Amino acid sequence: MTDVLDRPSTSPISTQRHGDVLIVTSNNPPVNALSAAVRQGLVAAIEQADADDAVKAVVIACEGQTFFAGADITEFGKPPVMPWLPMVVDAIENCSKPVVAAIHGTALGGGLEVALGCHYRVAVPDSKLGTPEVKLGLLPGAGGTQRLPRVAGVKKALEMCATGTPISAREAFDCGLVDRLIEGELVSHAVGYAEEVKDVRPLPKSSQRDDRLVEARGQPEIFDEFRKANAKKFRGFEAPDANIRAVQVALEKPYSEGVIEERKLFMELMSGTQARAQQYFFFAERKAAKIEGLPEDARPRDVHKVGLIGAGTMGGGIAMNFLSAGIPVTIIETSQEALDRGTGVMRKNYEASAARGKLTTEQVSKAMGMLTPTLDFAGLADCDMIIEAVFEEMEIKKDVFGRLDRIAKPGAILASNTSYLDIDEIAASTSRPEDVVGLHFFSPANIMKLLEVVRGAKTAPDVLLTAMSIAKKIRKVAVVAGVCHGFIGNRMLMPRQVQATQLLLEGASPKQVDRVHVEFGMPMGPFQMADLAGVDIGWHRDPNRVENVRDALCAIDRWGQKKGAGFYDYDDKRRPSPSPVVQQIIEDFAARQGVERREIPDQEIVERTLYTMVNEGAKILEEGMAQRPSDIDVVWVYGYGWPVYRGGPMFWADSEGLNTIVEGLKRQEQRLGSDFGFAQLLLDKAERGEKFTR
Ligand code: 3HC
Ligand code: NAI
């Protein structure tokens, strides 16, 4: 079948003739990113096709796990190497022979732009197509914002570009982005397709199409409606609006002007701080999966069945992750009532997802069908991994782990979901501390992406590795933490909480503190978060012992949203308003403690609540409780909603300048006459003009 084979040893692009079709193949692992060598190879291959009279059509395909997954992000910020991607896409579109993109895996970003440059696109049904540039703080910069609306329709392009969410091949077929779905061997079918279209002229060029624009011209309001519908999601981000504007230009201006506008917007974003932060975060997330210092021969253990102890708030949510990934779960409780309540909540959550169209009823039945609820502890004996999610009390946890030790099979991983407790102490209540690890999920556990994997002093390397690999399987982003009070995330919350509460006594209101955090980009402030999670979490439960504002609120039943009152009052729609009762409690405490009340500037709130977090992060690093600064950023973005356009607390500190952080903290120390306890690492780095993350 092959009559020409040409693969210069240095190029990731090779060409191969099959009859009169030239097959152009990229082999640039792991994701066929469009690096300079790939771009050069593609242009050369198109020139070859143009020059060779025997070639009647071209197929562009990729080896390995995926079609081109986009521009090579590691090249961003470096001097550009020709040809630019827009030139490559234009070269493909201007080829005198029909070019067919053969898509498998993911055609993303620049990869989709290459496919849009092709005259036809065929794809396997499980492939995905998307423009995720917005997640890197960018927009498709190789003509994508102008070609996509012309091929897939304006509305679809708007959604894809502004949200970055990829669509399935089926959806792509339905909207006209894919011309044919291929069952079976992709490349040979793509060659067959190329044979079918090789004589069709004129060549269908995405940039010259108008039909999909015409249908949208009657509805110019779609852009503002889209902005309004997504206002909450896009708050604070620059890139979504730039994407919307670029797609709108496609509708309003000819292609030749549209691409100039696209380039201008792309360059503006690329030189901005948000894009830098978001691109940093892309690699931070991937780095987090790597564990330092593991023996090379360590292999993850098999996990075919999972046990859950406790079907409360966390246990049920954690179980759902495994069920959704097709892993059977046995869940145990202390009473039938608690078991029924817990499994009932799980079912309700699944049904709510089905009602929103995210799952089919068959998927719900399948997931729930893999759940075995029981009151019999021995039911856990055949589980490969058992996760404890009972009350946060050391004695109860030790008792549970002691019992587990007696029944769990050899090699089973014994995990605790504790938020604060000492994993080593828990592990010591078993005869196999090497099998014990912390798996700290975040609430709601079926939704939140973060998983802190807590490495005990004796945790075996293969146990750690298993925890990381199972995290990927259940679609969590895992970060390794060391054993310390609150691990990475909750530990950094503590100085923030102390300062936030003290600020109330000094004259700030819960509303002011929360507003400063929301304006910074957090989804909510410390007091909104307390009201949501429960003001009573960790409360000593003695209403007569009132030592601080929180005790006072708990004593009068102001436990947060669940009681209709906390730091705020709530109406029946859970809308908050400032509470005069709380204000009085705060003022009484301030008077009793002799705290002078004053106007608090917003900047002081930033310095006392956010700079102190950075200082705590530095201590965590100093003590080796996080592997690297970027891991801390991953915890805060995925666990607490730190705005990704600020990179995470450590990246943000670097952007502020570590000297600025140290000076701010010293200024506040002086004002308060108290000692924050500086991390030496922070002082040293500030003094040397260094950064944490760059
Ligand atoms: N450039 C450079 N490296 C990339 C890359 C890219 N576009 N995409 C992924 N990689 C690297 C990762 O850093 C990782 O490296 P590592 O092994 O050293 O950590 C490796 O490829 C594998 O990546 P994942 O761990 O993410 O692999 P998965 O199989 O889980 O996911 C993927 C594959 C869905 C392709 C995912 O990697 C992804 O989403 N990549 C980014 C896609 C993207 O954002 N494309 C747009 C780029 S911007 C652009 O195209 C601009 C243009 O419009 C001009
Ligand atoms: P919860 O009170 O909602 O659930 C605990 C459940 O464990 C109860 O249903 C209880 O009946 C059951 N239980 C108690 N002892 C048991 C035993 N011996 N055997 C079997 N079941 C038993 O508590 P929640 O919130 O789910 O917390 C569980 C753990 O998760 C705690 O360690 C907590 O610190 C941690 N955690 C909680 C988070 C949250 O936001 N709620 C977040 C992250 C971790």
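Q: What makes the pair between Glu-392 and an oxygen atom of ligand 2 a polar contact?
A: A polar side-chain atom of Glu-392 lies 2.5 Å from that oxygen. A polar contact is a pair of N or O atoms within 3.5 Å; within protein, one must be able to donate a hydrogen and the other to accept it, and residues adjacent in sequence count only if both atoms are side-chain atoms. The value of 2.5 Å is within the cut-off, so the label holds. The model is predicted: local features need pLDDT of at least 70, side-chain atom pairs need 80 or more, and totals for chains, interfaces and linings use all residues; side-chain values use heavy atoms, without hydrogens and water, residues are numbered from 1 along each chain as its sequence is written, and chains are lettered from A and ligands numbered from 1 in the order written.

Q: Which side chains of Lys-397 and Asn-417 distances to ligand 2 also qualify?
A: For Lys-397, a side-chain N or O atom is 2.5 Å from an oxygen atom of ligand 2. For Asn-417, a polar side-chain atom lies 2.9 Å from a ligand 2 oxygen. The protein buries 79% of the 830 Å² that ligand 2 exposes when taken alone (Shrake-Rupley method, 1.4 Å probe; for residues, only the protein chains shown count as cover).

Q: What is around ligand 2?
A: There are 20 residues around ligand 2, and Met-314, Glu-333, Glu-392, Lys-397 and Ser-419 come nearest. A residue is near if one of its heavy atoms lies within 4 Å. The elements α14 (313-324), α17 (394-407) and β16 (436-441) each supply at least two residues of this shell. Helices (H or I, at least four residues) and strands (E, at least two) are DSSP runs, numbered from the N terminus.

Q: How do you know that Arg-286 and Lys-290 make polar contacts with ligand 1?
A: A side-chain N or O atom of Arg-286 is 2.6 Å from an oxygen atom of ligand 1. For Lys-290, the distance from a polar side-chain atom to a ligand 1 oxygen is 2.7 Å. The protein covers 73% of the 990 Å² of accessible area that ligand 1 has on its own. Helix α13 gives the largest share of the shell, three residues.

Q: Why is the pair of Phe-226 and Phe-234 called tilted?
A: The ring centres are 6.0 Å apart and the planes stand at 50°, so the pair is tilted. Rings of Phe, Tyr and Trp (its six-membered ring) pair if their centres lie within 6.5 Å; planes under 30 degrees apart count as stacked, over 60 as edge-to-face and the rest as tilted.

Q: Why does Phe-226 count as buried?
A: Its relative accessible area is 11%. Buried means under 20%, exposed over 50%, and partly exposed in between (1.4 Å probe, protein chains only). Phe-234 is also buried, at 11%.

Q: Why is Glu-622 called partly exposed?
A: Glu-622 has 40% relative accessibility, so it counts as partly exposed. Glu-622 lies in helix α25 (residues 602-622). A polar atom of its side chain is 2.5 Å from the backbone nitrogen of Leu-681.

Q: What makes Arg-403 a charge over the ring of Phe-377?
A: The charged end of Arg-403 is 4.2 Å from the ring centre. The rule asks for NZ of Lys or CZ of Arg within 6 Å of the centre and within 35 degrees of the ring normal.
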